[in-house]
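Q: Hi, I'm new to this one. Can you put it up and walk me through it?

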Amino acid sequence: MSFTVEDLKEHNSELLKLLTQHLPDMLWVKDLDGNYLYVNQAICDGLLMAKDTQEPIGKGDVFFALRERELHKHIPSWHTFGELCFNSDIDVIKNDKAMKFEEYGNVKGKLMYLEVYKAPFYDKDGKTIGTVGAGRDITKLKKNQSDLQRSLKVLDEQREKLEYQANHDALTDLPNRVLFLDRLKQSINVAKRDKEEIALLFIDLDHFKEINDSLGHNVGDKILVEFAKRLNEKVEITDTFSRLGGDEFGIVLNNIDTIDSVSNFIVEIMETSKEPFAIENNTLYIGMSVGIAMYPHDGVSANALLRNADSAMYKAKDSGRNRYFFYDEEMTKKAMERVFLETELRKAFVNDELLVYFQPQMNAQTNKLVGAEALVRWKHPELGLIYPDRFIPLAESTGMIVQLDRIYSTKFKKQVLIFENYR
């Protein structure tokens, strides 16, 4: 049996209809006004809710959108594909090319997502007369993607939580020993690069075991939390404060200017800890012993600095507790001397131990007094006369220079009157 060209065309046309009508994907052709010229069964059943493939012909999406909305008057926010997706048809015609879209709308009481491919539809002369489209329901895929994203988010949050727990102390929320050593190594690397100094403070609470044994670990834990809170307020954000374990804490002070700045900081935190701890109707007092190791003077590795700071802390313990020691004994001696002088200088203001000496300035030709050079001295009751080079830098670093200047100015003005009368 032979086929003519017309028979073949008819056969191919029927074959194409058969194929498109049984495909699971939604297929359609629209004119320039958005009215359907052709639809397959999949779009009728899955999107338009048309009774057959003939009903949509000559009608637009708005017709089916209004019908769908009528079924859901009780839902003001209801929206359908027909109300949302016509713009994509216009984009395809405007750009004159095939395009991919992700469209959504409410269908049969549920939100549906479609992956849509649209292209211009031409007549035999190449003139655009509408659009052709194919759509696939990806609602389940979107849900799976959304579920996966939520699962990944939960996993990320759990990972971050586990990582945080692995690097922080559960009681005080401070960095633990692991994170402390890591940050210490980072500080060493920066100090090495920038040729700076850092200080490692190893802190141990005095007689803490007795509190745990007599009042219980619950009270001890609350002291540790309060102690950590107090000191944390004194530590700069660029430095590191950590609970190393038990009643041991560590602090890394970066970019140290002088040993005096380290001493000042330690004195400040020791004063903070002297305030009573009110825990469960108990008024408790806590001291601390502090050991200090300096980079690079006392070690160039994290373990060496920690070991030497620990050793210095035990020296503080053995020397009577509630004090601090540098790993280098000469540094400790200088620091102790400075603390002593600072205390004595404050007393000197009260006891009027600061003296102003005046050295006359004479005119060599006339042998007459023309002025005086004022020199301040500190007459200590035990150390005797202390010269400015020992206490002026201390007064400047502690802010006492302002008070010293007032005393100096007052005495200078009185002496000027005496000189004026003398002249």
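This is a predicted model: local features need pLDDT of at least 70, side-chain atom pairs count only at pLDDT 80 or more; totals for chains, interfaces and linings use all residues.

Q: How many residues has the largest nonpolar core?
A: It has 34. L201, I223 and M288 are among those with the most contacts inside it. Such a core is a set of buried Ala, Val, Leu, Ile, Met, Phe, Trp, Tyr and Cys residues joined through side-chain atoms within 4.5 Å. Buried means under 20% relative accessible area (1.4 Å probe, protein chains only).

Q: Which element gives the most to this core?
A: α9, with six residues. Helices (H or I, at least four residues) and strands (E, at least two) are DSSP runs, numbered from the N terminus.

Q: And what does V262 touch, leaving aside neighbours within four places in sequence?
A: Its contacts (heavy atoms within 4.5 Å) include L201, I292 and F326.

Q: New topic. What is the strand order in the open sheet?
A: β2-β1-β5-β4-β3, with antiparallel pairing. Strands pair if DSSP finds at least two bridges between them.

Q: Why is one side of β2 and of β3 left without a neighbour?
A: They stand at the edges, each with a single partner strand, so one side of each has no neighbour in the sheet.

Q: How many bridges join β1 to β5?
A: Six. One partner pair is D31 and G130.

Methods:
Residues are numbered from 1 along each chain as its sequence is written. Side-chain values use heavy atoms; hydrogens and water are left out. Buried means under 20% relative accessible area, exposed over 50%, partly exposed in between (1.4 Å probe, protein chains only).
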